[in-house]
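Here's a quick tour of how some parts of this fold pack together. Have the structure open and follow along.

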Amino acid sequence: MIRKLFTVLALSLASSLFASSFIPVKGTDDDIFSSPAFLAAVDDESSFSIDISSYADMTMLEFISDPASALSDAADYLRGFLLDKDDQYLLDNYESIKTIFSFDPDFPSKHQNAAENAHYIRNYLNTDYIETIGKGNRARAVYNALSSGLGVFPSDTSSIIDGKAALSLSASWDGQKEGFGWKGGFGLVYDGASSLLSSLSYEGYDYGSTLYFTLGGSVGYGTYISDKIAIGVSLTPQFIFRTTTSGSSLLASRINGSIIEFLASNRFDFGVGLEMNFGFMLDAGEHAKILLDLRNLPSIEMFWYFSASDVMNGFSFHEDENIYYVMPDAALGLVWQKGSVEIRAEVSSILSQILLMKKLPFYSFDILSIPHFSISYDFSQTLSLEAGYRDRLIYTRCSYSVFSAGLSFSIDKLGIGFSAGFEF
């Protein structure tokens, strides 16, 4: 009976995999379970921790306080896009162009002669658009252009405007004992898109600003198979809530001052995820350990969803036929510990980026996301300081007793992040 049950489950999973599209998504932050072989060398301990972190670049901070000013470069791009079009394009797409400027009753009327029609539109863009309508309405024109259907902005708008923000809150209870490691808890994460106008998509899935809630944990085991070599494996099952907001909805919520517009057009996903990692560790002398990790083998997520319209028209869940996964990756790391000093270094995200470039036509290789480095020093049993580099951010963190706090700074754009936490 049990064998039949497993057979049915395996066939059901296999049929769903073959019938699905596979959509790559971003993975979670690394922790000890990303290098499970290191569990073989960790002292027995357990702790409860609460952490909060945030980051925003200056464009996002300006957008929050003054969206009209933050969108000024995008407004210039919109004007240049329309001025570069020929007379026939401006005539054929007049109605869509008019919707961009629907807030202005003085926008030129349509003329059937292409040259005459184009003359009045270009005159508007060179006079009223610059001198009369004001930067607030130019920002509204940018928002309208996103949903105009004209493809005014490219899919990747990070070269036109930034606007990155991130926020996370997590609580966990974890421990290690005799090579076994475990962790349970929840995480609330807002991972903003790389640009306020982001409209990247693949196979019908839009990569926007995503809000996650996860509930689950990790289990892992690391053990020495010889005097100097250890192996490890970890599993991370979790329940996931996810909703993604498009760039146009983000702009609408701020420009119109309505938080409802941030979520009104969203889909709300509920599902499960599973991540598996393998690791190897080599003792390279008295103080150093070399780590080789194979990550996200596999890391998949499956969802059921509902939308706002489902709530209004009789609540119901729908099965998402897509399978979401994190690209597999390989990492080579070094841990050096002596006295009060610990140095960690890692090279990763090479394999995963190569695979992403083959899968997503808009993805470009980011060499600055490959190296990770940190150095920490314990001044006493209660006071320590850490500094390092990860994911385009230089960071520093100070811990005193059960409390810690830190700052982070982007290396390629003006931005700042804060973090704080408690560990008991």
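In the largest nonpolar core, which has 43 residues, the ones that touch the most other members are Leu71, Leu78, Phe101, Tyr129, Phe153 and Leu251. A nonpolar core here is a set of buried Ala, Val, Leu, Ile, Met, Phe, Trp, Tyr and Cys residues joined through side-chain atoms within 4.5 Å. Buried means under 20% relative accessible area, with a 1.4 Å probe and protein chains only. At least two residues of this core come from each of helix 2, helix 3, helix 4, helix 5, helix 6, helix 7, helix 9 and helix 10. Apart from it lies another core of 15 residues, including Tyr202 and Phe303.

This is a predicted model, so local features need pLDDT of at least 70 and side-chain atom pairs count only at pLDDT 80 or more, while totals for chains, interfaces and linings use all residues. Residues are numbered from 1 along each chain as its sequence is written, and side-chain values use heavy atoms, with hydrogens and water left out.

Back to Tyr129: leaving aside neighbours within four places in sequence, it is in contact (heavy atoms within 4.5 Å) with Ala75, Leu78, Arg79, Phe101, Tyr124, Arg138 and Ala141.

Tyr124 takes us to helix 7, where it's buried along with Ala114, Asn117, Ala118, Ile121 and Leu125. These residues sit on the same side of helix 7 because they cover an arc of only 125 degrees around the axis, going by the directions from the helix axis to the C-beta atoms. Their cover includes helix 4, helix 5, helix 6 and helix 8. Asn113 caps the N-terminal end, with a side-chain oxygen 3.1 Å from the backbone nitrogen of Ala115.

Helix 2 can be read in a similar way. Its buried residues are Thr59, Met60 and Phe63. They lie on the same side of helix 2, because their arc around the axis is only 95 degrees. Strand 2, helix 3, strand 3 and helix 10 are among what covers them. At the start of helix 2, a side-chain oxygen of Asp57 comes to within 3.3 Å of the backbone nitrogen of Thr59.

What does strand 2 pair with?

| Partner of strand 2 (45–57) | Bridges | Example |
|---|---|---|
| Strand 3 (165–177) | Twelve | Ser54 with Leu167 |
| Strand 20 (415–423) | Nine | Asp51 with Gly421 |

Strands count as paired if DSSP finds at least two bridges between them.

Methods. Buried < 20%, exposed > 50% of the residue type's maximum accessible area, 1.4 Å probe, protein only. Helix = DSSP H or I, 4+ residues; strand = E, 2+ residues; numbered from the N terminus. Polar contact = N/O pair within 3.5 Å; in protein donor to acceptor, adjacent residues only side chain to side chain.
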